[in-house]
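Please look over the sequence and the model below before reading on.

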Amino acid sequence: MLPARRVLPPALLTCLLLTGCSSVQLGNPTTSASNSPAAGAPATSAPAGAGKAIAMGAGPQKHYTVQQQPPAGSCHYRYEHGEPLEDRTCTPGAISPAVTQANLKSTICRKGGYTSGVRPSAYVTGKEKRLNAASYGYTGRMADAEYDHLISLQLGGDPNDPRNLWIEPADPGHRQGAGVNNKKDPVETKLHTAVCSGQITLAAAQQAIVTDWTTALITLHLS
């Protein structure tokens, strides 16, 4: 007895004759659960290189108070391209709700300046700086270190959120006693210029700074 021939559906037979379909499955198709999302489920993967959302601070205050700092010795510098960078856990950055992409012209890009009107007094930041030095275990000359806004005020950083302030040591090779002078400041100024000219968005500049200020200009194609 000859084996029974398998009868192909007309539609499949037409596909084979006209287009030469080579990947048609004759059995029931199988779906890999590991490769396919659940039916109706939205895509959840972020684009490559996307950073975490930056925290929102309290914004400018009429009266600033000394903010509590991380415990002594709990923060540790990391180094990129020879430069000391902040501890991402202690100092992840924080932005001000008073500065948005929509109001740049009336805030950080306005003529006459913005930062002087929102900067905490030296009385407050001086105390915070000493406390933060203990957090980071900084033992160098205080006059050579900057109590730095990770996201600068001219880029919409929060003025006095402890998540946005850290004691930044002097650059390697800096002459002791020469005062504050670091390579991060010019980067912030270039980013500010690019934001105000419309080359980049405020959010892009803020994200580049919290990721790594030493590569911010290259990342945003400004160098």
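His221 is placed in the segment after α5, where helices (DSSP runs of H or I, at least four residues) and strands (DSSP runs of E, at least two) are numbered from the N terminus. The phi angle of His221 is near 60°, a positive value in a residue other than glycine. Most residues other than glycine have a negative phi. His221 is also exposed, with a relative accessible area of 72%; in this report, buried means under 20% relative accessible area, exposed means over 50%, and partly exposed lies in between (1.4 Å probe, protein chains only).

The model is predicted, so that local features need pLDDT of at least 70 and side-chain atom pairs count only at pLDDT 80 or more, while totals for chains, interfaces and linings use all residues. Residues are numbered from 1 along each chain as its sequence is written, and side-chain values use heavy atoms, with hydrogens and water left out.

**The chain as a whole**

The protein chain has five helices and six strands, and from the N terminus on its elements run α-β-β-β-β-α-β-β-α-α-α. Of its 223 residues, 37% are buried. Among contacts (heavy atoms within 4.5 Å) between residues at least 6 apart in sequence, 73% join residues at least 24 apart.

**Disulfides**

How many disulfides does a search of the whole structure find? The search finds two, a disulfide being a pair of cysteine sulfur atoms within 2.5 Å. In general, a disulfide is a covalent bond between the sulfur atoms of two cysteines.

| Residue | Relative accessible area | Class |
|---|---|---|
| Cys75 | 1% | buried |
| Cys90 | 12% | buried |
| Cys109 | 24% | partly exposed |
| Cys196 | 33% | partly exposed |

A nonpolar core is a set of buried Ala, Val, Leu, Ile, Met, Phe, Trp, Tyr and Cys residues joined through side-chain atoms within 4.5 Å. The largest such core holds 36 residues, of which Leu191, Val195 and Ile209 touch the most other members. The elements that give two or more residues to this core are α2, β6 (165-168), α3, α4 (202-212) and α5 (216-219), and the largest share, five residues, comes from α4.

Not counting residues up to four places away in sequence, Val195 touches Leu104, Ile108, Leu155, Ile200, Thr201, Leu202 and Ala205. Where α3 and α4 meet, Val187, Glu188, Leu191 and Val195 in α3 are in contact with Leu202, Ala205 and Ile209 in α4.

How are α3 and α4 arranged, parallel or antiparallel? They pack at an angle of about 165°, with their axes 9 Å apart, where axes are lines fitted to C-alpha atoms, for helices over the stretch in contact, and angles run from 0 to 180 degrees between N-to-C directions. The two helices α3 and α4 are therefore roughly antiparallel; angles under 35 degrees count as roughly parallel, over 145 as roughly antiparallel, 65 to 115 as roughly perpendicular and the rest as oblique.

The buried residues of α4 are Leu202, Ala205, Gln206, Ala208, Ile209, Val210 and Asp212, and they pack against β2, β3, β4, α3 and α5.
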